[in-house]
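Please read them with the structure open.

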Amino acid sequence: MFTAEQFRTKVAESAETIKNTDVPSEIRKIERLMEGYSFLAQNEAWLADNFDKMIRSQDVLSEDEALGERLDSKAVAKNEEHVLRCLGAAVIMQWNTIPTKLQRELFDTAGSLGDVLQTVTLRGQIARFLHNHKDEETLADSISKPNMTKGKPDGA
């Protein structure tokens, strides 16, 4: 794990590298790297400044709270992954009913998670996934509620 200072050092090193090249494509590539390192430095600094305000997995107590026993970190991670998968599936199942502005915000937020240098790739994957699954909720509704989705009786 890098610290904010280590990311800032990478920004400074990249700035020195730019001085040694005349190739525009290399300069743009290094500038993008610098921007990413700068963003990561800001993120790490924010995390350090707000660490005491965050809810952390290791703070979750087991079912027997009376004993004050903490869950094993692997069990907590497994539970959290399951919850996130369920929440994600629920969002996708309701995607067509979510207002467009919120859809864009969810897309932007999801697309910015993970490796900064892979943001474009991730956004493309999310866009393809949403496109490939866009009609599934509508299809499920038409099967379970045929009279409500079309506004007319079957066969009409």
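1. α1 passes α2 in a left-handed crossing. The model is predicted, and the points below should be read on that basis.

2. Helix α1, residues 4–19, packs with α2 at an angle of about 165°, and the two axes are 8 Å apart. Angles over 145 degrees count as roughly antiparallel. α1 is therefore roughly antiparallel to α2.

3. Which residues make this contact? On the α1 side they are A4, F7, R8, K10, V11, S14, A15, T17 and I18. α2 contributes I27, I30, E31, M34, Y37, S38, L40, A41, E44 and A45. By class, the contact of α1 with α2 divides into 12 nonpolar, 3 polar and 4 charged residues.

4. The crossing in which α4 passes α5 is right-handed.

5. From α4, the residues in contact are F107, D108, A110 and G111. Those from α5 are T119, L122, R123, I126, A127 and L130. The contact of α4 with α5 comprises 6 nonpolar, 2 polar and 2 charged residues.

6. The largest pocket has a volume of about 530 Å³. Its lining consists of 15 residues, and G88, V91, L106, A110 and L113 lie nearest the centre. A110 also belongs to the contact that α4 makes with α5.

7. Which helices supply at least two residues each to the lining of the largest pocket? They are α3 (73–93), α4 (100–111) and α5 (119–132). Of the elements, α3 gives the most, with 5 residues.

8. The lining of the largest pocket holds 13 nonpolar and 2 polar residues, and no charged residue.

9. The second largest pocket contains about 300 Å³ of space. Lining this pocket are K29, R32, L33, E35, G36, F39, V116, L117, T119, V120 and T121. Two or more of these residues come from each of α2 (24–49) and α5. α2 gives the most to this lining, with 6 residues.

10. How do the residues lining the second largest pocket divide by class? They are 5 nonpolar, 3 polar and 3 charged. The lining of the largest pocket, as noted, has no charged residues.

11. α5 supplies at least two residues to the lining of the largest pocket and two or more to that of the second largest pocket. α2, for its part, packs with α1 and contributes 6 residues to the lining of the second largest pocket.

Methods
Residues numbered from 1 in each chain as written. Predicted model: local features only at pLDDT ≥ 70, side-chain atom pairs only at ≥ 80, totals over all residues. Heavy atoms only, no water. 1 Å grid on protein atoms, 1.4 Å probe; cavity = no way out; pocket = protein on both sides within 12 Å on 5 of 7 lines; lining within 4 Å. Points joined across faces, edges and corners; volume = space filled by probe spheres on them. Helix = DSSP H or I, 4+ residues; strand = E, 2+ residues; numbered from the N terminus. Nonpolar A, V, L, I, M, F, W, Y, C, P; charged D, E, K, R; others polar. Left-handed = near helix turned anticlockwise from the far one by under 90°. Contact = heavy atoms within 4.5 Å. Axes fitted to C-alpha atoms, helices over the stretch in contact; angles between N-to-C directions. Parallel < 35°, antiparallel > 145°, perpendicular 65-115°, else oblique.
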